[in-house]
Amino acid sequence: MLFNSFEFVAFFPIAAGLYFILPKKIKPVWLLFASYFFYMCWNPAYIVLILATTVITFASGIFIGRASSKGSKKAVLISGISVNLAILFVFKYFDFFIDNLNRVLGIFKINPVSSPFDFLLPVGISFYTFQAIGYVVDVYRGNVESEKNILNYALFVSFFPQLVAGPIERSKNLLTQIKAIREKNLFTFEAAVSGFSNMLFGLFLKTVIADRAAIVVDRVFGSHYMFGTFELLLGALLFSIQIYADFAGYSLVAIGAARVMGIKLCENFNTPYFAVSVSDFWSRWHISLSTWFKDYVYIPLGGNRKGKIRKYINLLITFLVSGLWHGASWNYVAWGFIHGFYRVVGEITKPFKERLYDGLKVKKEAFSFKFGKVLMTCILTGFAWIFFRARSLSLALSYIKRMILKFNPWVLFDESLYTLGLDRREFGILIFALLILFAVSVIRYKRKIDVGDFLNRQNLWFRWVCLVLLCVAILVYGEYGIDFDSAKFIYFDF
Amino acid sequence: MEKRALIIKRIIAVLCFTLILGFSLFKTYEVLKWKDTTGDYLSSMEQLYQTKDDLIDVVFVGSSHVYCGVYPCFLWEKHGIAAFDMAVSGQDKDSSYHHLKELLKTQSPKVVFVDMYGLTFDEHKIEGNIYRNLLSMKTSLNSYGLVKDYIGKKDINDYLIRWPIIHTRYKELKKHDFVEFIPNTFGRGEGIDFQISEEKPPLGKDDPFMPEELSEKNRKWLESLYELSKKEGFELCFFVTPFFNTNQRLMDAACEFANDHGIKFLDFNRDADLIGIDYSTDFADSLHLNATGARKLSEYLADFCLSIASLPDHRGDAAFWQWDADLEYFYKEKARTDMERAPSLGAFMDLVKDNPDYTTVISIEYEVSGSPIDYHSYLEPYGVSKESCFSGGKWILKNGTLEKVFENTVSVDAYIKELSDLDTLSIKFVSDGFPENVLINTVSYSNEGNYVSVLVYDEKLKRVVIHTFF
């Protein structure tokens, strides 16, 4: 059940409506039931996996809480994490492992082995596995108490708004709120309106911007060998837009849906394309994942506490793992490596850059300086997205090679860019929608509030006009329906 | 108390917002919805919805074969029979059954003819025809039944909700998505066509009667129609319009079914001679009759209807104004064809001069004096002098009177005339050879290098009838 489906339009009011009217004691049970139903709409069989993860990590938490020695706590922690990672490995990475093993065996002329499994990747497995692992580590570290009520915990792992693509919640935030459901009324009218506004804007980002940009992106990346520099640049640019609108759109719907029910999820995006450096980008992009990696990978590896060289290695390892988390393919690993490389080079060159700016008397407070940094960050991240979007490492390299060598400026003038799937009108709609996104991003950047809270602070007429126009825009200009191969949210695959 | 007031205030706010949102979406849907069943905004379904209850006596159900082959206006003209074509392009079996049921919600016809062309296919090959058949009905249990029967489970939600299909129409919106298409207010289902195509008699026309076995789906369809006729109490007739039929045995099977069930069956492929069909003049293409052929078939069916049912002559009854308007519309369409074929400016002016609905703009370039054709001789009967004609200008012909409204001079202010609430005629002469000097709103109807340009506007139908040159 996709957020951008009529099934969800029917499901959500029922789920949220009953949640409001049921007695407090029943509310978590209902939400758990709704969450499992939501998940089973993809594939009922995979409910077993989420149940397994829930039971294993719940039990791990209990045992860690009860263990008397640090050693036994650690043993439970390691076994709990290992079992969960093993499940993730089997369902997500096993084929990748076999493929690479066969390549190695091929070098030594040994017969390849075949995969004993033929699984479809369970939706959201990386998200709820990481969320559950995070909980176990937090209990081990003593950051949170182990949860004693399995229903509360099961809801924490499977809460439907964020189940399949995050935000990856921390138990301190979400589990605490879930436990409070039985005791107090979390609902407020303002939060519900704000949540509804966020949901609408999220759907707008997904259906009007992301899926429209995807038409050109799919065409260009699907047959990049037909195109030259400027089509490929456009494809890369539009993919940067697509993935942001897609994932930020999803996150807004998730955050909004939870907010309607009085539950506050953590922030996941904070105007990432306004970042002034790659480091800044990662503090704004997929925040729940980057902080997860920071807390549960980078810091345990030693972070920046063990000297510069170790810091650089830790950064590289963290980004390589992050790349692998996104997908079982070398292009994702390359994408992670590039970002790690950016970070390391950024750290190394920082003092030189500062000296250079001072020497050249660059006005660092000027808009142009900041704009230049934003632009450079966009170019760097945009370049890395090519590896993310291409289906393999070799295709990404071939894409970049053509982008450099097949210089064809005439396509900017002969209207052939309008033959890539979006005609003049469709490009117009996309640009207009992007202007709206830009305006909302500026508000977010300057006033530090999301679109839901911004609209809540406006007069009624303005809020209503915006919401009605958003609804109409989604229904009319959204990419969906019978002639459209409805795209999943990109991050559902991770 | 304060808290209660706040809750009430919020409930009212939510209700008001829901109402505004619902209204906005409804108006958006009205613009985007699928509007035609025939093409070019002509919709028999809309025409049905514009018809008051219990007026229709005879119904013809079927595909384009029906709306091209049977013109209710001819039944009206001959015997005052209130007939209606419940016909949709490529109407399939499920659609014909449910469209008829839709008609039966408000009408009680005495005779229903169902075209047997639906037997020849189970699924649409043209995507537009799926939409015409499945999306033109108002949402109801009947429309749900149609979608369920035709679509099955695949994509059913898209067809039931409709938005997933119709929302992309924003790419093709035109004037009549926003403004009512006037012929739908009175039309009786026919799609008027004056094209002529020389055709051959269908294969198997003279073959012996050799029915093949009906498929289960075909048999079920015929049975469902039979049962519906018994339930609703109308006389059911099956018929086949003349077309290049390649499967006579299937029609024979339907004939056999009809005979077994006491249903009247008329096969105008076999009995084309009965109505005097001329294959060289009566077809628009191999599948469809033109207006000439339709008159022959319709007039025969008018007589046939009277022979099997007692049908009152409704002519003169104001309640049946749509049939009068429909007949008038037919003659206007005929006149348009005659205008297209008019051999001279004079013959053209004779066709338009007496119709009070027409405003005719005649634009003459000043070089007309050098033309080998004597245009002045056509204008002279309306009191136009040779000098006036040779100096060029714009004349308006209305109710038989020709009035010069504009000289071809730069200095004169624009001539402006409101043709209807939607359209404004403006005439402005900017310079010699300026291509856009006669406009309706922003669309040019100028001479384009010709000596004489003629534009006819129908004020009743609020549309341009013809723009031609002499």
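Here are a few friendly notes on this structure, one topic to a point.

1. What you are looking at is a predicted model, where local features need pLDDT of at least 70, side-chain atom pairs count only at pLDDT 80 or more, and totals for chains, interfaces and linings use all residues. Residues are numbered from 1 along each chain as its sequence is written, while chains are lettered from A and ligands numbered from 1 in the order in which they are written.

2. H3(A) (residues 47–66) packs against H4(A) (residues 70–107) at about 170 degrees, with axes 9 Å apart (axes are lines fitted to C-alpha atoms over the stretch in contact, and angles run from 0 to 180 degrees between N-to-C directions). That makes the two helices roughly antiparallel, a label for angles over 145 degrees.

3. Next, chain B holds an open sheet of four strands in the order S9-S10-S11-S12, with antiparallel pairing (two strands pair if DSSP finds at least two bridges between them). S9(B) (415–418) and S12(B) (443–444) are at the edges with a single partner strand each, so one side of each has no neighbour in the sheet. S10(B) (residues 424–427) and S11(B) (residues 438–440) are joined by three bridges, and Ile427(B) is found opposite Val438(B).

4. Finally, see where the chains meet: 14 residues of chain A and 19 residues of chain B take part (contact means C-beta atoms, placed from the backbone, within 7 Å). Helix H19 (residues 460–477) of chain A gives the most to its side, with seven residues.

Note on methods. Contact = placed C-beta atoms within 7 Å. Parallel < 35°, antiparallel > 145°, perpendicular 65-115°, else oblique.
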